[in-house]
Amino acid sequence: MPGTELNASAASLLGFLHAGDASGYELVKLAEKLIGDFWTLTRSQVYRELATLADRGLVRAGPAGPRARQPYRLTDEGRAAFAEWVTRPPGTEQIRYPLLLTIAFGSAVERERLLEFVTEHRALHESRLAGYRERAAAGGLDAYQRATLAFGLRYEEAVLEWMDELPGILADT
């Protein structure tokens, strides 16, 4: 089965192409909008994956259009590969949070400096939470999008609560 060796990034591109043809540029923008807060796809990664998917016959490249943007179309083999990938059990999550890594080594940093880092990160999390709340209020999402958005809301709320607790937790240092 062609999907056996699909990585999650390549599979996400196949998933996006179910909605219709898209260029690499359009796929980057779509990924940023729909999954960018929890799954990173760089521009170079998207183009590299599209080339690999085309070599494997999972997508077909169309003729270049305006601004040399080349649309990609999902093939039947690509649909089958995605269907096989998406029904496999997903792996466990891995937290890669630079602030948390810095705090893990916080004994090497003054407490006030750590709290400055937290303040800087707090603004980002407050902004994300506000954006998620706006998306939820706007409606028009399917059940799967609402489920993903609900996670984002809870995640940002939990991070902000944790940030509120940090000064007390770090008071012992």
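Q: What is the relative accessible area of Arg 113?
A: This is a predicted model: local features need pLDDT of at least 70, side-chain atom pairs count only at pLDDT 80 or more, and totals for chains, interfaces and linings use all residues. Residues are numbered from 1 along each chain as its sequence is written, and side-chain values use heavy atoms, leaving out hydrogens and water. Buried means under 20% relative accessible area, exposed over 50%, and partly exposed in between (1.4 Å probe, protein chains only). Arg 113 is partly exposed, and its relative accessible area is 38%.

Q: Which residue forms a salt bridge with Glu 116?
A: A salt bridge needs a side-chain nitrogen of Lys or Arg within 4 Å of a carboxyl oxygen of Asp or Glu. Glu 116 is itself partly exposed, at 39% relative accessibility. The closest N and O atoms are 2.7 Å apart, and the partner of Glu 116 is Arg 113.

Q: Glu 116 and Arg 113 are separated by about how many helical turns?
A: Helices (H or I, at least four residues) and strands (E, at least two) are DSSP runs, numbered from the N terminus. An α-helix has 3.6 residues a turn, so residues three or four places apart point the same way. Glu 116 and Arg 113 are 3 residues apart in helix H6, so the separation is about one helical turn.

Q: What is the N to O distance in the salt bridge of Lys 29 and Glu 32?
A: Both residues lie in helix H2 (residues 24–34), 3 residues apart. Lys 29 is partly exposed at 39% relative accessibility, and Glu 32 is partly exposed at 45%. Their side chains meet with an N to O distance of 3.7 Å.

Q: How many salt bridges does a search of the whole structure find?
A: Glu 112 and Arg 111 form a salt bridge at 2.9 Å, N to O. Elsewhere, Asp 37, Arg 128 and Glu 156 are linked in a network. The search of the whole structure gives a count of 10.

Q: Which residue makes a polar contact of 3.0 Å with Glu 49?
A: Glu 49, in helix H3 (residues 43–55), is buried and has no salt bridge. Lys and Arg count as positive, Asp and Glu as negative, with His and the chain ends not counted; the nearest side chain of opposite charge, Arg 48, is 5.3 Å away. A polar contact is a pair of N or O atoms within 3.5 Å; within protein, one must be able to donate a hydrogen and the other to accept it, and residues adjacent in sequence count only if both atoms are side-chain atoms. The side chain that joins Glu 49 in this way belongs to Asn 7.

Q: Which helix and which strand do the buried residues of H4 pack against?
A: In helix H4 (residues 76–86), Gly 78, Ala 81 and Phe 82 are buried. They sit on the same side of H4, because they cover an arc of only 100° around the axis, taken from the directions from the helix axis to the C-beta atoms. Contact means heavy atoms within 4.5 Å. The partners are helix H1 (8–17) and strand E3 (71–74).

Q: Which strands stand at the edges of the sheet?
A: Two strands pair if DSSP finds at least two bridges between them. The open sheet has 3 strands in the order E1-E3-E2, with antiparallel pairing. Each edge strand has a single partner, so one side of each is left without a neighbour in the sheet; these strands are E1 (22–23) and E2 (59–61).
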